[in-house]
Amino acid sequence: MSGKKRYLVTAALPYANGPLHIGHLAGAYLPADIYVRYLRLMSKDVVFVCGSDEHGAAITVRARKEGVTPREIVDKYHALIRDTFEKIGIAFDIYHRTSEQLHHETSQDFFRKLLENNQFSEEVTEQYYDEVAGQFLADRYIIGTCPVCANPDAYGDQCEKCGSSLSPTDLISPRSTLSGSAPVKRPTKHWFLRLDRHENWLREWINTGVADGHQLHNPADWKNHVLGQCNSWLDQGLHPRAMTRDLDWGVDVPQEIPDSAGKKLYVWLDAPIGYISATKQWAIDHGKKWEPYWKADDTALIHFIGKDNIVFHCLIFPAILKAHGDFILPVNVPANQFVNLEGRKISTSKNWAVWVHEYVADFPGQEDALRYNMIKKMPEQGDSEFTWKGFQETTNNELVNNLANFVNRVLVLTNNYYGGFVPAVDANHEFKSGWDIDKTGVYDEELHILHEKLEALGSEIERFNFREALRILMEISAAGNALLQFNEPWKMVKVDPEQVKVVINLGLQFVAALSVACQPFMPFTSKRLRGLINLNALDETRGELLFILNDLAEGNPVLPTGHAIGAAEHLFSRIPDEVIAAQIAKLEATDTAAANTTTTNTPAATMYAPLAPTITYDDFAKLDIRTGTILTAEKMEKSKKLLRLNVDLGFETRTILSGIAEHFTPEDVVGRQVVVLANLAPRVMMGVESQGMILMAENAEGKLSFVRPEEGWGNGFGVK
RNA sequence: GGCGCGGUAGCUCAGCUGGUCAGAGCGUGCGAUUCAUAAUCGCAAGGUCGCGAGUUCAAGCCUCGCCCGCGCUACCA
């Protein structure tokens, strides 16, 4: 254990424009929850904060699309996400929200402090401006034709059809979603954090753990992919990044600052400071001080995130904290990778996901089955895979057959033979060890091994190896089953009743240990299990795992002789094939056109892009579209997406670059008849001038199809 | 194209600074068993550790090249 006096654990703030899916859970929230629950059981001082990230253009875009206010969007999803966390047992000390006044004040104070510390440069850049609506346009407010896949409704930051990340200036014929007009570029001033000035110390800190001459962490404890990603960025050089935006939904740049009108803090400064605001609110609610958790050297700050957030939490936020001056740096950022679903990437926009709020509705009382499976499949080193079949198998084979069964066996035998009381034992009586079939068991030694297992489990959690920790947990259950199997109390009860007492007593100690050790992973099961053996639910403020470890270390049993247990019950229920089939069917159904009518919170518009604003015939007539034939095709050097085509337009041959290399090989396209936008302004890409654009059709999966005239149609003819 | 992380038994994955590291769980086969939601326990199955070279007394573990997956990034239409 790090030896720190207190812990501040954060989990990535969910963006309040959609529900949670299992990838979120396995990526950040479950590992954080396990870690925190473990710390509490070990009597550590820990605060676990999270909250909804409620600002940004995506929310306003969504609000406009649904005809509601941004406030209504965030209220809806904040409530949904908060309740989902509670239902699946993620035990934050506080789940805050960035729309709270306290957060606005906190982040504004941060901005002022950075300004005071001379951490910004002010720069004027050209941004798209909507003259009709009278405001600057966030990237998400601008749509236009995607340069990669020709989707006519790509956003200024990203094309949701092909997933390309874009900038507004990439879009062909951009238009404003506010008014439908074509935006114009206008100068606007923004505050840029001088990240370049932080590059050197960040590099040292990331790679050696040393900052300002102090050893703050050991890089060997950080995950490979986290270090790799950071160094990849550092090697490319850090550049000043804008900390403000022209937005209308977010935290205002403090008004006393000149030119702040209409400016909002960008997500870099808004979201991570949400961790601090949340801690402040928690302190207010509980009569505590928040500063020690963020400013004291003996606090361990740990960020649980997904891999998409690595540089944000390992470089940018630390730079902000350092630039402020008073704050500590994270001691570790154990980012997880991604979870795939049934062989495909989880996609909110394509509705390929298992939504957690739907799971808890479909599987009431089986929250821990999902938690268990997600922990088992946690993407700790590389991407992992969730399948419904796998979920069924682990639930039935491991939770039902092994864990629940072991508990049931012990309780049934105790009730049958000893009237439900923990039997007194002769600690010197021999039996067969549950840990090793060839070993003679000794009561104290069995407890000792149990102690070792619990310590090993804890040490794996401390090192963020949650899958391994879970495996050790199940090892205890398997050893318990083996203990019964080897000693056959149902036979020996007539032959050697003293031995049976030892075996059953030991079995009960295993069950009691499991009731504590399983709590970080499966809190609902812990509570249920504690009930079965007539113990109170764990009080997380009391460090009960620590007590048990101390007891076992001294050779004392967890459950005292004579303790009365309850009736045997099953902890888990088997998941039948039909239920799994239904979930798979549901997944596949929502993946298709049914997405339009589904009750999930997935945007209905994802199947079909919204219709673009109406244009006149004159607008259309500006386009000169011609038939043509691809004569030659070759892959562009150094480009992943571009094919260089020579296209016969009848009257001339054009060189056209087309972003279809990820869909078609050169051989695929040579000889194809195509339709070409012939009067598009030429554009130089990768050093080659493209003289037109090949028109493609695209479906919801982002697959492309050539648009072409009838077989044998000539080249160079107009399309109207 | 550049960079990063992965590519290990049918499946899901462990393998720290190179030398019991060729492993675990599940599935499969055989055997034992009945207290238990036909659950449990034991044994077994021989996987070129992505491909090809190299360094070393010794390489999944180091180096170089290549292939595949994912991510970030690029003069990105």
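**View 1. Where domain 1 sits against domain 2.** On domain 1's side, look for Tyr38, Leu41 and Tyr372: they supply 23% of the area that domain 1 buries against domain 2, more than any other three residues. Keep in mind that this is a predicted model. In terms of contacts, 40 residues of domain 1 touch 35 residues of domain 2. The C-alpha centres of the two domains are 32 Å apart.

**View 2. The salt bridge between domain 1 and domain 2.** The count here is 1 salt bridge. Zoom in on Lys376 and Glu398 to see a salt bridge between their side chains, at 3.2 Å from N to O.

View 3. Domain 1 is pieced together from 1-98, 271-304, 337-386 and 576-613 in the domain assignment. Domain 2 covers 388-553, and domain 3 takes in 617-719.

**View 4. Strand S2 and its partners.** S2 spans residues 45-52 and is mostly covered, with 7 of its 8 residues buried. Strand S1 (residues 6-11) runs parallel to S2, and 5 bridges join the pair. To get from S1 to S2, the chain goes through helix H1 (residues 22-41), making a right-handed β-α-β crossover. S2 also runs parallel to strand S3 (residues 94-97), joined to it by 4 bridges. There, Ser52 has Arg97 of S3 as its bridge partner.

Technical notes. Residues numbered from 1 in each chain as written. Chains lettered and ligands numbered in written order. Predicted model: local features only at pLDDT ≥ 70, side-chain atom pairs only at ≥ 80, totals over all residues. Heavy atoms only, no water. Buried < 20%, exposed > 50% of the residue type's maximum accessible area, 1.4 Å probe, protein only. Helix = DSSP H or I, 4+ residues; strand = E, 2+ residues; numbered from the N terminus. Pairing = 2+ DSSP bridges. Right-handed = clockwise from strand over helix to strand, strands pointing away. Domains from an automatic or database assignment. Contact = heavy atoms within 4.5 Å. Buried area = accessible area lost by both parts, 1.4 Å probe. Salt bridge = Lys/Arg side-chain N within 4 Å of Asp/Glu carboxyl O.
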